[in-house]
Amino acid sequence: MLSFGCLDEKNLKKLAKIVAEELGEIKLLLLIGELGSGKTTFVRGFVTHFGLDESVVKSPTFSILNIYKGSKVIYHMDLYRVEQPDEEILMEIEEALEQNNTVLIIEWADRIENFWPEKFLKIKFDFCDEGRTVLIECFDEKLLEKISSRWFGGKKI
Ligand SMILES: Nc1ncnc2c1ncn2[C@@H]1O[C@H](COP(=O)(O)OP(=O)(O)O)[C@@H](O)[C@H]1O
Ligand SMILES: [Mg+2]
């Protein structure tokens, strides 16, 4: 697990871009945190690595799924309003994961349990005095090392 101290908005986006750069073959990111904790902001920084302007990112709270076509196709989902994920949503997720050249990034991913394939990055957001804290978990320790070494303030815990 990687833990990042209190990041302002600019640094949160910067971290998101580094995560995007280091992702390798991982194509699923699960974003967890309360309303306003920085999940959509993270996606804004994340898409810039794929040649997209952050302004393309709109919160999918009502649309549930937004798609941004950059050097990879970014599926941006928000499950906030989804109390019980239906077949259609689960199928959309599976289809996105089966395609090549896609990344699926899901806000409120904790709305769905016991479903995710093994290879994902889980990112938890919380509030702090002047910004947001970020915790990153991944099965791939080497990936965490890479992100950490790109980010000098990151502490391995
Ligand atoms: N690191 C940060 N520091 C301060 N404010 C932030 C930070 N990240 C996001 N915000 C602000 O918090 C608000 C909610 O952020 P958002 O990313 O939409 O949250 P979420 O998607 O988790 O509901 C936005 O107004 C955004 O500008
Ligand atoms: Mg959001």
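These legends describe close-up views of a predicted model.

**View 1. The whole protein, from end to end.**
The protein holds four helices and eight strands. Read from the N terminus, the elements run β-α-β-α-β-β-α-β-β-β-α-β. The radius of gyration is 14 Å, close to the 15 Å that the globule rule gives for 157 residues, so the protein is as compact as a globular protein of that length. Its C-alpha atoms fill a box of roughly 40 × 30 × 30 Å along the principal axes. Buried residues account for 34% of the 157 residues. Take the contacts between residues at least 6 apart in sequence: 67% of them join residues at least 24 apart.

**View 2. The shell around ligand 1.**
Which residues come nearest to ligand 1? Of the 15 residues around the ligand, they are Gly38, Lys39, Thr40, Thr41 and Gly131. H2 gives the most, with three residues. Sorted by class, the shell has three nonpolar, seven polar and five charged residues.

**View 3. The largest nonpolar core.**
This core has 38 residues. Leu104 and Ile105 have the most contacts inside it. Which element gives the core its largest share? It is H1, with five residues.

**View 4. Strand E5 and its partners.**
Strand E5 covers residues 102-107. Five of its six residues are buried, so the strand is largely enclosed by the rest of the structure. Two pairings of E5 can be followed here. Strand E2 (residues 28-32) runs parallel to E5, and four bridges join the two. Look for leucine 29, which stands opposite isoleucine 105 in E5. Strand E4 (residues 73-78) also pairs with E5 in the parallel sense, over six bridges. Here valine 73 has threonine 102 of E5 as its bridge partner.

**View 5. Isoleucine 105 and its contacts.**
Which residues touch isoleucine 105, once neighbours within four places in sequence are left aside? The contacts are Leu29, Leu31, Val43, Phe46, Ile74 and His76. Leu29 is also the residue that stands opposite isoleucine 105 in the strand pairing. Isoleucine 105 is one of the two residues named for the most contacts inside the largest nonpolar core.

**View 6. Methionine 77 in strand E4.**
Methionine 77 lies in strand E4. Is this residue buried or exposed? Methionine 77 has 23 C-beta neighbours inside 10 Å, so it counts as buried. Leave aside its neighbours within four places in sequence. Its contacts are then Pro60, Ile64, Leu65, Leu104, Ile106 and Glu107. Phenylalanine 115 gives a distance to compare. Methionine 77 and phenylalanine 115 are 38 residues apart in sequence and 15 Å apart in space, C-alpha to C-alpha.

**View 7. Strand E7 between its pairing partners.**
Strand E7 pairs with E1 and also with E6. Strand E1 (residues 2-7) pairs with E7 in the antiparallel sense, over four bridges. In this pairing, leucine 7 stands opposite arginine 132 in E7. Strand E6 (residues 121-128) and E7 are antiparallel too, with eight bridges. Lysine 124 has leucine 135 of E7 as its bridge partner. How many residues link E6 to E7 in the hairpin? The link is two residues.

Most residues other than glycine have a negative phi. Tryptophan 108 has a phi near 60 degrees. Asparagine 114 has a phi near 55 degrees. Where is tryptophan 108 found? It sits in the loop between E5 and E6. Asparagine 114 is found in the loop between E5 and E6 as well. Their surroundings can be read from the C-beta counts. Tryptophan 108 has 20 other C-beta atoms within 10 Å, so it is buried. Asparagine 114 has 4 other C-beta atoms within 10 Å, so it is exposed. The cut-offs explain both labels: a residue is buried if 20 or more other C-beta atoms lie within 10 Å, and exposed if 12 or fewer do.

Terms used:
Residues numbered from 1 in each chain as written. Chains lettered and ligands numbered in written order. Predicted model: local features only at pLDDT ≥ 70, side-chain atom pairs only at ≥ 80, totals over all residues. Near = placed C-beta within 6 Å. Nonpolar A, V, L, I, M, F, W, Y, C, P; charged D, E, K, R; others polar. Rg over C-alpha atoms; globule rule 2.2 N^0.38 Å. Contact = placed C-beta atoms within 7 Å. Core = buried A, V, L, I, M, F, W, Y, C linked by C-beta atoms within 7 Å. Pairing = 2+ DSSP bridges.
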